[in-house]
Amino acid sequence: MKKFSKKLFCLMLVAVMVMAAIPFGAFADETTIPIHVKAVYSDGTLIKEGDCNVYAGVETDLNRSLKACQKAGIDVSDLTADPATNPAWDDETQTLTVTFQLPEHSHTWVWNGVAGNGTTHKEVCSGCGETRDVPCTIGVTDAIPATCTTVGKTEYKECSVCGWNNDGGKDVPALGHIDENCDGVCDRTGCGASVPVTKVTYKVCVKLSSTSATLAEGKSVEYTEAQVKALDGATAVRSFLNGLGGDYAKVAGDMADNNFDKVTRELGSVDSYLYVWLKSVGSESEDTSGKIQVVYDDGKIEYRSMRVGSWYFSSSNLGLDDTWGTTQAKLKIYDANGSRTVQWDSEDN
């Protein structure tokens, strides 16, 4: 037994001596293969590639694949391998592909050069091209109200980054003075400037709306805009006509509230007219079927009441004065609705 152990020991010693005499690289050259190495990001972007010799089986071991990258001259010390896709081996091309996670990217955002919509505009990363919407930075120039004598401005908004604006900052014309009550003072709050009171001379004409027949005319009044506007309603018109006297006062005396229609104006370069329009003649309780209107050539108007028994009239039963025989007159008879008119000329007797 002792002889066998001594013999075995001698054999082992000889083997160690033989191995020590052989260079280490001799075994390595026999167990390595030449390959092509590619390092890529997970999105497929190539990082770097190179060639090296590696031991067989490197394609199945991630750590050995990382060492292969270093041997091929690819520095991956700051990269993180993607274990989900590593490593990949192409036996036909003898290529080892090692995939790494995309590194975290710090975006550098700049405006993309396109005006926004006043709410947002776009920025683009100068490094990777990614875009995003960001709020506009709006500066506001307040509107300037126009006054009676000064021009105003509309509100102006603009983004200091993308240049969008609301097309504001436009002129608002001066408003001009107003004097509705014709007291010679501008009515606008805070103004109080003196304003010339403009008056217009009107020829007053009272007419029937249904027939355009003239009931009274010839008087002239000098009225302001406000005074004309105040002639609104039967009460105001009746007072106005009474103030003119003559035929106007007679019309006012016969005018009921529901007989008043409206007041209109006709401004002319030579003469301006103020028209008072009535729906009918006579008060509401009066029997208009017996109302006689006498219109003279000179514009004079008279109203006569008489019993209507026939369509024949004479100067005597109308009680006309002596001028009837020399001045042509026309008689008009209205029924209760004011719709039927019969005219009779004095020349026809």
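User: In the open sheet of 3 strands, what is the order of the strands?
Analyst: The model is predicted, so local features need pLDDT of at least 70 and side-chain atom pairs count only at pLDDT 80 or more, while totals for chains, interfaces and linings use all residues. Residues are numbered from 1 along each chain as its sequence is written, and side-chain values use heavy atoms, without hydrogens and water. Strands are DSSP runs of at least two residues and helices (H or I) runs of at least four, numbered from the N terminus; two strands pair if DSSP finds at least two bridges between them. With antiparallel pairing, the order in this open sheet is E5-E6-E7.

User: Which strands are the edge strands?
Analyst: An edge strand here pairs on one side only. The edge strands are therefore E5 (109–111) and E7 (131–135).

User: Which residue in E7 is the bridge partner of Thr120?
Analyst: Strand E6 (residues 120–125) pairs with E7 in the antiparallel sense over 5 bridges. In E7, the bridge partner of Thr120 is Pro135.

User: Is Thr99 buried or exposed?
Analyst: Thr99 belongs to strand E4 (residues 95–100). Buried means under 20% relative accessible area, exposed over 50%, and partly exposed in between (1.4 Å probe, protein chains only). Because its relative accessible area is 11%, Thr99 is buried.

User: Leaving aside neighbours within four places in sequence, which residues does Leu62 contact?
Analyst: Leu62 lies in helix H3 (residues 62–71), and at 28% relative accessibility Leu62 counts as partly exposed. Contact means heavy atoms within 4.5 Å. With neighbours within four places in sequence left aside, Leu62 is in contact with Ala81 and Asn86.
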